[in-house]
Amino acid sequence: LDHLMKIFTRYADLPDGMTYHQLLAIPECSTNPYIESAGRLYCKGDGVIDQIEFLKMMNMFYPKTGSENKRKFLFYMLDIDENDFIDYEDAFRFYKMLFHPAVQDNRLIEMTQFVMNRKDFTDPGKISYSDFCKFVSLPEAQFKLTIHIQFPASAEKAGPPPKNTQGANGQNNVQ
């Protein structure tokens with residue numbers, strides 16, 4: 001918790017928190033494509049993530065957070081309009097976030113239509129949570145929503161730094 005707060009303090013330069021762009025500047029966060037959607041969820045109306053919201057968000061990306069909680073959170077992140085379904089607009093925006101500018105809009109539209117028109121959905125054109133669970137496994141949710149924060153070794157656990165001594169051959173030896 002202390003290390004997360006130090007990360008927050010290092011990247012937040014506003015009195016009440018950090019911006020979405022400052023969140024993406026955190027190296028561990030910048031490599032996860034889902035942090036962008038999560039950051040938007042946790043930004044307050046003024047576009048700022050405060051310390052409490054930062055900790056809540058990072059908890060969802062913590063490796064030991066349960067897979068089912070992560071899968072529910074992933075669905076919630078994708079349901080941008082919060083209507084309890086992932087609809088065409090939600091899916092398109094998500095694909096655009098993941099693949100743009102490498103993939104052009106017309107290809108993103110094709111991808112979205114392909115997914116949204118699956119016949120095995122309860123209601124084609126809408127993805128319910130139960131449909132979502134059919135094609136997003138728990139291990140996949142766990143993998144996609146995990147960020148490994150690099151925690152510094154504690155000075156007590158790591159022991160004292162090695163001592164440099166000069167050997168008979170005049171070279172420094174580390175003990």
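This is a dialogue on how to read some features of a predicted model.

Reader: What should I know about the model before I start?

Author: The model is predicted, and residues are numbered from 1 along each chain as its sequence is written. Local features need pLDDT of at least 70, side-chain atom pairs count only at pLDDT 80 or more, totals for chains, interfaces and linings use all residues, and side-chain values use heavy atoms, with hydrogens and water left out.

Reader: How many helices and strands does the protein chain have?

Author: Helices (H or I, at least four residues) and strands (E, at least two) are DSSP runs, numbered from the N terminus. The protein chain has eleven helices and six strands.

Reader: What share of the residues counts as buried?

Author: Buried means under 20% relative accessible area, exposed means over 50%, and partly exposed lies in between, for a 1.4 Å probe and protein chains only. In this chain of 175 residues, 38% count as buried.

Reader: How do I read a nonpolar core?

Author: A nonpolar core is a set of buried Ala, Val, Leu, Ile, Met, Phe, Trp, Tyr and Cys residues joined through side-chain atoms within 4.5 Å. Here the largest has 45 residues, and Leu-23, Phe-54, Met-57 and Phe-61 have the most contacts inside it. At least two residues of this core come from each of α1, α2 (20–24), α4 (35–42), α5, α6 (67–78), α7 (88–99) and α8 (105–116).

Reader: Which residues does Phe-54 contact, leaving aside neighbours within four places in sequence?

Author: Contact means heavy atoms within 4.5 Å. On that basis, Phe-54 is in contact with Leu-4, Ile-7, Phe-8, Met-18, Leu-23, Ile-26 and Ile-49, with neighbours within four places in sequence left aside. For the protein chain, 54% of the contacts between residues at least 6 apart in sequence join residues at least 24 apart.

Reader: How is the packing of two helices described?

Author: By axes, which are lines fitted to C-alpha atoms, for helices over the stretch in contact, with angles from 0 to 180 degrees between N-to-C directions. Angles under 35 degrees count as roughly parallel, over 145 as roughly antiparallel, 65 to 115 as roughly perpendicular and the rest as oblique. Take helix α1 (residues 2–11) and helix α5 (residues 51–60): their axes come within 11 Å and cross at roughly 125 degrees. α1 and α5 are therefore oblique to each other.

Reader: Which residues of α1 and α5 meet?

Author: Leu-4, Met-5, Ile-7 and Phe-8 of α1 meet Gln-51, Phe-54, Leu-55 and Met-58 of α5. The residues of this contact are seven nonpolar, one polar and no charged. In that count, Ala, Val, Leu, Ile, Met, Phe, Trp, Tyr, Cys and Pro are nonpolar, Asp, Glu, Lys and Arg are charged, and the others, Gly among them, are polar.

Reader: At what angle do α4 and α6 pack?

Author: The angle between α4 and α6 is about 75 degrees, and their axes are 9 Å apart. That makes α4 roughly perpendicular to α6. Ser-37, Ala-38, Leu-41 and Tyr-42 of α4 make the contact with Phe-73, Tyr-76 and Met-77 of α6. Six of the contact residues are nonpolar, one is polar and none is charged.

Reader: Which residues of α4 are buried?

Author: The buried residues of α4 are Ile-35, Ser-37, Ala-38, Gly-39 and Tyr-42. They pack against α2, α3 (27–30), β2 (48–49), α5, α6 and α7.

Reader: How does α7 pack with α8?

Author: Their angle is about 135 degrees, with the axes 9 Å apart. That makes α7 oblique to α8. The residues of this contact divide into ten nonpolar, two polar and two charged.

Reader: Are Glu-82 and Asp-84 buried or exposed?

Author: Glu-82 counts as exposed because its relative accessibility is 53%. Asp-84 counts as exposed at 57%.

Reader: Where is Leu-14?

Author: Leu-14 is in the loop between α1 and β1 (18–19). Its relative accessible area is 32%, so Leu-14 is partly exposed. Leu-14 touches Thr-19 and Val-48, not counting residues up to four places away in sequence. The C-alpha atoms of Leu-14 and Asp-50 are separated by 9.4 Å, and these residues are 36 residues apart along the chain.
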